[in-house]
Amino acid sequence: MPKSLSDIQVKNIKQHGNYRIAPSLYLYVEKKSTGEKKQWRLRKQLDGKRKWIYIGSYPAMSPTEARKKAAFLLEGELDPKAILRDLKQKKAASAVKESLKTITFATLADEYLERIKQPVWKSGGKSEQSWLNSLNQYILPAIGNKEIEDITPDDLVGMLTPIWISKNETANRTRGRVESIIDYAIAKGISDKRNPAKYQNLLENLLPQVKREVQHHAALPFDDVPGFVSELWDKKEGSYDALKLILLTQVRSADAREALWTQFDLQSGVWTAPIRKLGGEMQRLPLPKKLLWLLQERRENTQDDRLFPGAGRNAFITSNALDKSLDVFARTDRLGKRVTIHGFRSTFIDWATATSSGSREDADRQLGHREKNQTLAAYMRTDLFDRRAKLIQQYEDFALSEIAFSSH
């Protein structure tokens, strides 16, 4: 047989058999009643045996294409079968990825809520309703029918511009939710482009700059603390005890609500707390005497490691439960606004500053604030625990000054 056949010669081969077209490349012709069937095959020595390897059919694959594919499969030391399997898998994966790209934003949003959000939402809660409001009012009308790959920064600008100035907090929340859903698409391999909903280095250059007013948390005036605590101390439910822990240690709500007994040394009066705001960094917090007694009594009646177990599906007591307990006292700040739990931290700072009970440095360290001066932070090797313990005890003495305690 000739070493190479032209395309016309290949087309005219009718007889059954193997026809050599190029080195190791053959055209196999199978005679059938309906005509002939032609396949491209490689003949390769594998594991000491000559084997036939199917690489495609004729005329779907032309002789030129067959020669190129044969040369590619034979150019290295790898098994052509392994190369073909790898190509097949990549082609299948590519096909799946292409099919996924046709999914609309609305379809993916439904999947994201079902798989990621709903398992941790309280049924009918505020978070779920807030998400649905954002989707139905702003997001889906603008990009719901668009495929993920087709969504552009301009789409986001068009969606957000009408509310960017007048309702900036709502607009930011809406943008963040679109970003989360598209990040989900990227993680699933549906998209591999840059997320068009990102603000930093993208939308910040396309949307107007908005001057945000600092919203301060309404804080209890420090001279009202003794009267407030005299009412609070008589209440023994978990939510009220959590308020006492927050008020007298200055931790944030989440750090108190999710506290574990394993973090407490009730003999030494130390709480080693992982501070969420600091990425879980551990902070030693001194426990003043009356609070320590309260915790010791509470420990005797606790069933597991949680200080404040939650109800139903909640592992820990909820922030909503604490807010409702605080509302019972109907306390307001100097402007008449209902005080907040986070405002207890401001109350403490105001007291420490106004009464000169401790340095601002000690108070800041108790609040878990990082040292802003990087040079000083690099050399600071103490957490000022002893100084903070004295300060916290003074604050507790002040806070409980209107309560008469029996000898303990």
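Modeller: Here are some notes on helix packing and on one residue.
Modeller: This is a predicted model, where local features need pLDDT of at least 70, side-chain atom pairs count only at pLDDT 80 or more, and totals for chains, interfaces and linings use all residues. Residues are numbered from 1 along each chain as its sequence is written, and side-chain values use heavy atoms, with hydrogens and water left out.

Biologist: At what angle do H5 and H7 pack?
Modeller: About 75 degrees, with the axes of H5 (residues 126-143) and H7 (residues 168-187) 10 Å apart. Helices are DSSP runs of H or I, at least four residues, and strands are E runs of at least two. Axes are lines fitted to C-alpha atoms over the stretch in contact, and angles run from 0 to 180 degrees between N-to-C directions.

Biologist: Which residues of H5 meet H7?
Modeller: Ser130, Trp131, Ser134, Leu135, Tyr138, Ile139 and Ile143. Contact means heavy atoms within 4.5 Å.

Biologist: Is Ile139 buried or exposed?
Modeller: Ile139 counts as buried because its relative accessibility is 0%. Buried means under 20% relative accessible area, with a 1.4 Å probe and protein chains only.

Biologist: How far apart are Ile139 and Val178?
Modeller: They are 39 residues apart in sequence and 7.5 Å apart in space, C-alpha to C-alpha. Ile139 touches Val178, and also Phe105 and Met159, among others.

Biologist: New topic. Which residues are buried in H14?
Modeller: Asp362, Ala363, Arg365, Gln366 and Leu367, in a helix covering residues 360-367. They pack against helices H9, H13 and H16 and strand E7.

Biologist: What follows H14?
Modeller: Gly368, with a positive phi near 80 degrees.

How values were computed: Buried means under 20% relative accessible area, exposed over 50%, partly exposed in between (1.4 Å probe, protein chains only). Lists of a residue's contacts leave out its neighbours within four places in sequence.
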